[in-house]
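Keep the sequence and the coordinates open while reading.

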Amino acid sequence: MVSVPRLAIAAPASGSGKTTVATGLMAAFAGRGLAVSPHKVGPDYIDPGYHALATGRPGRNLDAYMCGPDLIAPLFTHGAGGCDLAVVEGVMGLYDGASGQGELASTAQVSKLLRAPVVLVVDASSQSRSVAALVHGFASWDPEVRIGGVILNKVASDRHEALLREALDESGLPVLGVLRRAPQVATPSRHLGLVPVAERQADALDAVRAMGERVREGCDLDALLALARSAPALSDEAWEPEAYPQEGSRPVVAVAGGAAFTFAYAEHAELLTAAGAEVAVFDPLHDEKLPSGTAGLVIGGGFPEVYGPELSANEPLRRAVTELALSGAPVAAECAGLLYLARELDGRPMCGVLDASARMSERLTLGYRQAVAVADSVLAAAGTRLRGHEFHRTVLEPGAGATPAWGLLQPERRVEGFVQGGVHASYLHTHWAAEPGVARRFVERCRG
């Protein structure tokens, strides 16, 4: 049995202030000297970066679509082990999940799997007594979801606060915090959401401090901690990446990082390490060589379109990546990595490993996908089924090579990506904890 005090921070809809409240709570409790474990529902890569700044621990995702409901509590317990408190930021509205899949991957489902009390963040800017009907509806919709209190956001005045509190007195749910209308904390956005922490480290630190201060001033931290401590113990064993007997040296797996490649799940590096790899992070914006002894390469998601000129200008590294790929070494590229391996991006030369051209688009491609491996590759045997997520505003032409990486089954049937020698490149983001054999297979191929 594992007992970690925990809260799920949810809202009736996107834009209500979940990220401000969740990150602010993490910072406020960490400022009290508590070890706080940060978590995010869904596939989002950016919010966990701010969570990590607030807590000093890796931000971790809990995605019931990609990993399956049975892995949610074990992954949570793995991340929260030894902590005094866990804060789970929700996704979209409380009951919103994967399209057409009922409650799957919703904050409500994750809160039930974790038996975590929910704090509902309500944008109260355009209502007074109606807030009680809204909160009552959310609290009564699913009796298994335990809403333990409300934080009112964007409250205009003392009078407005009094009206809201009077209305909520009838709901039976306590008001655990009130945040006044204020200029938005400086967390700039662009085409895929917030600007990642790695691109604005100092400003991001200031933003997290500001969120923490707002929450300290406006919320009852003692009541919130008491609510978190009311969560029952979990009986699920913690997920752990399975370690394998090491034979010979540990192959070096270079993992792209830095401001251009910020999208990564913490469990991927843990799985590679457990499978016997030595993980070496490098920055394609600045490093002109791959890490010494690189036997395999992982290039995840991020914003190469923002850093196209700098990536293109680093010719020595582009040549090194191309030479490694042409040697047949294992290369796994997701989304941004796919674009980096292309011939060009918005007219600027990239690595040229793939005979394809990428450009920015006005159209956002976003959503969960079911996929099957079309052919054997360094990541999966033909026929392997995985669930993943697409999230980009770029277009690649052609979208698939002679041997595609994946056949996408839902919501539309199509093939995409490239399997070419030791290269597996695709737009699809996957969570390797759902299929640990992916990391093991990749490291085995690195050993030759």
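Q: Is Tyr65 buried or exposed in this predicted model?
A: The model is predicted, not experimental. The relative accessibility of Tyr65 is 5%. Buried means under 20%, so Tyr65 counts as buried.

Q: Which residue forms an aromatic pair with Tyr65?
A: The two rings are 4.3 Å apart, centre to centre. Their planes are at 25°, and the pair is stacked. The partner of Tyr65 is Tyr368.

Q: Is Tyr368 buried or exposed?
A: Tyr368 has a relative accessibility of 17%. The limit for buried is under 20%, so Tyr368 counts as buried.

Q: Which residue lies over the face of Tyr65?
A: Tyr65 pairs with Tyr368 in a stack. A further residue sits over the face of Tyr65, at 4.4 Å from the ring centre. That residue is Arg387.

Q: Why does the pair of Tyr95 and Phe138 count as stacked, and what is the angle of the planes?
A: The ring centres of Tyr95 and Phe138 are 5.9 Å apart. Planes under 30 degrees apart count as stacked. The pair is stacked because its planes are at 25°.

Q: Which parts does the pair of Tyr95 and Phe138 tie together?
A: The two residues are 43 apart in sequence. Tyr95 lies in the loop between strand E4 (85-89) and helix H4 (107-114). Phe138 lies in helix H5 (residues 130-141), so the pair ties that loop to H5.

Q: Which residues do ring pairs link into a cluster?
A: The structure holds 7 aromatic pairs. Ring pairs also build a cluster, and its members are Tyr45, Phe263, Tyr265 and Phe303.

Q: Which residue forms a salt bridge with Arg369?
A: The closest N and O atoms are 2.7 Å apart. Arg369 lies in strand E16 and its partner in strand E17 (residues 385-397), so the pair ties together parts 21 residues apart in sequence.

Q: What is the relative accessible area of Asp355?
A: Asp355 forms a salt bridge with Arg343, with 2.4 Å between the closest N and O atoms. Arg343 is partly exposed at 38%. Asp355 is exposed, with a relative accessible area of 59%.

Q: Which strands do Asp123 and Lys154 tie together?
A: Their side chains meet in a salt bridge of 3.6 Å, N to O. Asp123 is partly exposed at 24%, and Lys154 is partly exposed at 30%. The two residues are 31 apart in sequence, so their pair ties together parts of the chain: strand E5 (residues 118-123) and strand E6 (residues 147-155).

Q: How many salt bridges does the count come to?
A: One of them joins Asp123 and Lys154. Salt bridges that share partners also join Asp158, Glu161, Arg165 and Arg180 into one network. The count comes to 19.

Q: Which are the edge strands of the open sheet of 7 strands?
A: The strand order is E3-E2-E4-E1-E5-E6-E7, with parallel pairing. Each edge strand pairs on one side only. The edge strands are E3 and E7 (175-180).

Q: Which residue in E7 is the bridge partner of Val150?
A: E6 and E7 run parallel and are joined by 4 bridges. In E7, the bridge partner of Val150 is Val175.

Q: Which strands does helix H8 lie across?
A: Helix H8 covers residues 221-229. The helix runs at about 110° to E1. H8 lies across E1 (6-10), E4, E5, E6 and E7.

Q: Is Leu272 buried or exposed?
A: Leu272 is found in helix H9 (residues 266-274). Its contacts beyond four places in sequence include Val253, Trp432 and Phe442. The relative accessibility is 2%, so Leu272 counts as buried.

Terms used: Residues numbered from 1 in each chain as written. Predicted model: local features only at pLDDT ≥ 70, side-chain atom pairs only at ≥ 80, totals over all residues. Heavy atoms only, no water. Buried < 20%, exposed > 50% of the residue type's maximum accessible area, 1.4 Å probe, protein only. Contact = heavy atoms within 4.5 Å. Salt bridge = Lys/Arg side-chain N within 4 Å of Asp/Glu carboxyl O. Phe/Tyr/Trp six-rings, centres within 6.5 Å; stacked < 30°, edge-to-face > 60°. Lys NZ or Arg CZ within 6 Å of the ring centre and 35° of its normal. Pairing = 2+ DSSP bridges. Axes fitted to C-alpha atoms, helices over the stretch in contact; angles between N-to-C directions.
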